[in-house]
Amino acid sequence: MILQQTYTLSNDVRIPKLGLGTWFIDDDKAADAVTDAIALGYRNIDTAQAYGNERGVGEGVRASGVAREELFVSTKLAAEIKNYDAAVAAIDGSLTTLGLDHIDLMLIHSPQPWNDYRGGDYAEGNRAAWRALEDAYKAGKLASIGVSNFEQRDLDNILGACAIAPQVNQLLVHAGNTPVELIAYCENNNILVEAYSPIAHGEILHNPDVRAIADRYGVSVPQLCIRYTLQLGTVSLPKTADPEHMRGNAQVDFEITADDMDVLRNLRARDYGDHSVFPVYSGK
């Protein structure tokens, strides 16, 4: 069953292949969503400082009744933090807000602040923030460290100056938006890709071509899309607070054929509806 399967990061830390994304889950609802997910067998929980729900996520982790060492909790350094001292303070802030003695994975959320996404040059600031993550990693506060939304040039900036290479790059990956070259670059550098919004923030539910493929396998569109990202070799992080959706999202123990993988890989579908206002979907 997928919930028991893991990848191994470059530092030998094991990370569950399927996780729970918590973007858009309010802080006062996050604890219930996390405890529901853990009760269903999820062991990988993903949040971020920008989501505003670290407190609730931490509460859910502590209330779950599952040993802390069996859970993998990720969070992200706010995209606006591009200096060492602020990053150090924010890392400690996440530990305090989550109420945990360590974080399993912490990422730089974006190579640019959200109000300048894919804009200016923040190379020096990213290197400074990365040094803070490295120091927290060496201190045992973080079990693994990585980045999010980093393109090759952003990765090269870190790889050219780091003492510890990123172990993860969390990217927008779904049928209709598959950054094949970037995924391959990450693989070649022993950086595991995590796929956020694997169901394209819900818009792909309306795609007739994807629905037709799902129907052939006798699965739902979300199940097909999650399975697709898993077969790409990525961690899949579908977001939901609904226990029934959590249960369905984990029922992906089927195999997509090579031909259908090619169809989904070559699909171009980047309409995110009302959510196109967010930089990660608009690209700016």
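Two residues are in contact when heavy atoms of each lie within 4.5 Å. The model toured here is predicted.

**Helix α2**

Please begin by selecting residues 54-63, which form helix α2. Its buried residues are Glu54, Gly56, Val57, Gly58, Gly60 and Val61. Display next the elements against which these buried residues pack: α1 (27-39), β4 (44-46), β5 (72-77) and α3 (84-98). An α-helix has 3.6 residues a turn, so positions three or four places apart point the same way. Then move to Gly65, which follows α2 and has a positive phi, near 80°.

**Tyr7**

Select Tyr7 in strand β1, which spans residues 6-8. Is this residue, Tyr7, buried or exposed? Tyr7 counts as buried because its relative accessible area is 14%, below the 20% cut-off. Colour the residues that Tyr7 touches beyond four places in sequence; among them are Val13, Arg14, Ile15, Leu192, Leu230 and Val235. Finally, draw a distance from the side chain of Tyr7 to the backbone oxygen of Thr234, which reads 2.9 Å.

**Thr240**

Proceed to Thr240, in the loop between β10 (235-237) and α9 (243-249). Thr240 is buried, at 7% relative accessibility. The side chain of Thr240 reaches the backbone nitrogen of Asp242 at 3.0 Å. To view its surroundings, select Leu20, Gly21, Ile25, His245, Met246 and Asn249, with which Thr240 is in contact once neighbours within four places in sequence are left aside.

Note on methods
Residues are numbered from 1 along each chain as its sequence is written. This is a predicted model: local features need pLDDT of at least 70, side-chain atom pairs count only at pLDDT 80 or more; totals for chains, interfaces and linings use all residues. Side-chain values use heavy atoms; hydrogens and water are left out. Helices (H or I, at least four residues) and strands (E, at least two) are DSSP runs, numbered from the N terminus. Buried means under 20% relative accessible area, exposed over 50%, partly exposed in between (1.4 Å probe, protein chains only). A polar contact is a pair of N or O atoms within 3.5 Å; within protein, one must be able to donate a hydrogen and the other to accept it, and residues adjacent in sequence count only if both atoms are side-chain atoms.
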